[in-house]
Each structure stands twice: as C-alpha cells, then as structure tokens.
Amino acid sequence: MSSTQSLPISDPPSSTTGNAAWSSTISATPALRAFLARLTESTRRAFARRRPWYELIDRTAFSKPDSLTDATSRIRKNFNYFRVNYLTLLSGVLAFSLLSHPFSLFTIVSLLCAWLFLYLFRPADQPVVINGRTFSDKEILGILVVLTVFVVFLTSVGSLLMSASLIGLGIICVHGAFRDPEDLFLDDQEIPGTGLFSSFTGAATSAAVADVMARV
C-alpha cells in the first residue's frame, strides 16, 4: 500500500497584498501625505464658512439691477459673501457633467492619477519601468504634458469641461446680478484666499513644489 504523498501548494496571493502595496506607496511619500492633510483641513474650514442656502435662494431679495455698474457691484459683493456656495455650485455643475459622461470622467480621473503617482508624488528612488525600460523624470513629464494637451484640446473632454464651467459661471453671474446684497452682512475685512481654492496652498503646495523641483 503506497503512502500518500502531499504536494506542495502555494497559497494564492491575497488581495490584501495589493492594498498593502497601495497603502505603502501613499504613506511613503511625505509630500502626498502633507497634500492630503492640507486638502482635508482646508476643505473642512472652507465649508465651515459656507453661508446658509436659504439666503442664496431668498426670493424676496431678488430684484432687477438698475444698471450694468449696479449689476457688477452686486456680483462682486455676492461673490465675496457666497464664495463657498458659488464654488460648491460650480463644482456640482462640473460633477454632474462628468457623471453624465462616464468616459470623460474616467479619462479625467486617469489623467489626474497619472500626474499624482507617476510624477508629482512618486518617490525619487522608485523609477518608472515599462517593458524593461526605465523612464527618466523629464521623459515622464514630457509624456504627461503631451497626454494632457491631447485630452484637453483634442478630445471631447476639454469641450465638456469648458461648457460646464461656462454654464456654472453663467448661473453664478445671473444670481449675483439679481440678488440684492443690501440685506447681507458683508465683512470688508475678510481675508482673501480663504475659499476652496486655498486648499492647494501652504504646506501641501510647498511639499509638492519641493518634490517637483528636486526632479528637475
């Protein structure tokens, strides 16, 4: 009676291995950690400055501007007061346009990830190797620039972003021109640059710029 021989069986690679590699890639880049931390904190502080939405759509506060100068003044005052609300509205229009076009959304996300993980926040000691060929930082930068120009100017993605931005800005300008700001408490001492766009300033930008300059 022959003895049963056990064959060596290797365990299939766990799905957690890819997650661990992904996490280590993110955690290994101080610039990326600083950027994400700054982005989260600045976004939270920006949304804390958001005005109540009922003030934005108060029908009793709408009136026709007396002149173009009055309309321009209203837009400026309303933007200073409803800055975060307007940027949220513009982001919503862009998001709706991209969600309505899944291919464009996939293209934009892929291009953004390529910039983040192949150039901006890629560790300097981890070169990009494709089919056994190592690409330098300048080659990666050139490829990404060409891809960005192609996507923005030679595909429907650029026209979609432009049309969505124009629609959002048109809504903002119409609202700002017809919304009478006289009942609003306007703080003339408000510090500029405290909106959502300030998320890309400070420590995150400094870390990213330092990382990019080190590659040049």
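A residue is called buried when its relative accessible area is under 20%, exposed when the figure is over 50%, and partly exposed in between, with a 1.4 Å probe and protein chains only as cover. Ser97 belongs to helix H5, residues 83-99. Leaving out residues up to four places away in sequence, Ser97 touches Leu160 and Ala164, where contact means heavy atoms within 4.5 Å.

Good morning. Before I continue, a word on the source. This is a predicted model, in which local features need pLDDT of at least 70 and side-chain atom pairs count only at pLDDT 80 or more, while totals for chains, interfaces and linings use all residues. Residues are numbered from 1 along each chain as its sequence is written, and side-chain values use heavy atoms, with hydrogens and water left out.

Let us begin with the whole chain. The secondary structure comes to nine helices and two strands. These are DSSP runs, numbered from the N terminus: helices are H or I with at least four residues, and strands are E with at least two. From the N terminus, the order of elements is α-α-α-α-α-α-β-β-α-α-α. The chain has 216 residues, of which 27% count as buried. Among contacts between residues at least 6 apart in sequence, 81% join residues at least 24 apart. The chain exposes about 14500 Å², and carbon and sulfur atoms supply 68% of that area; accessible areas come from the Shrake-Rupley method with a 1.4 Å probe, and for residues only the protein chains shown count as cover.

I turn now to helix H4, residues 68-81. How far apart are the end C-alpha atoms of H4? They are 20 Å apart, which agrees with the 20 Å that its 14 residues should span at 1.5 Å a residue. The expected span is 1.5 Å times one less than the number of residues. The buried residues of this helix are Ala71, Arg74, Asn78 and Tyr81. They cover an arc of only 95° around the axis, so they lie on the same side of H4; the arc is that of the directions from the helix axis to the C-beta atoms. Against that buried side pack helix H3 (53-56), H5 and H8. The face turned away from it carries the exposed residues Leu68 and Thr69.

Ala71 counts as buried because its relative accessible area is 11%. Apart from neighbours within four places in sequence, Ala71 is in contact with Pro65 and Ala177. The C-alpha atoms of Ala71 and Gly176 are separated by 7.6 Å, although these two residues are 105 residues apart along the chain.

Side chains of opposite charge can pair when their charged atoms come close. A salt bridge here is a side-chain nitrogen of Lys or Arg within 4 Å of a carboxyl oxygen of Asp or Glu. How many salt bridges does this rule give? The count comes to two. One joins the side chains of Asp70 and Arg74, at 3.6 Å from N to O. Both residues lie in H4, four residues apart, about one turn of the helix. Asp70 is partly exposed, at 23% relative accessibility, whereas Arg74 is buried, at 7%. In the other bridge, the side chains of Glu139 and Arg133 meet at 3.1 Å, N to O. Glu139 is partly exposed at 31%, and Arg133 is partly exposed at 40%.

My last topic is helix H7, residues 137-154. Its 18 residues should span 26 Å, and its end C-alpha atoms are 25 Å apart, which agrees. Ile140, Leu144 and Val151 are buried in H7. Seen down the axis, the buried residues of H7 fall within an arc of 35°, so they line one face of the helix. What covers them includes helix H6 (102-120), strand E1 (128-130), strand E2 (133-135) and helix H8 (156-178). On the other side of H7, Lys138, Val146, Phe153 and Leu154 are exposed.

Which residues make the nonpolar surface patch of about 580 Å²? They are Val145, Val149, Phe150, Val152, Phe153 and Leu154. Patches are made of residues with over 30% relative accessible area and no salt bridge; like charges are joined within 9 Å, and nonpolar side chains (Val, Leu, Ile, Met, Phe, Trp, Tyr) within 5 Å. Val152 lies in H7 and is partly exposed, with a relative accessible area of 33%. Thank you for your attention.
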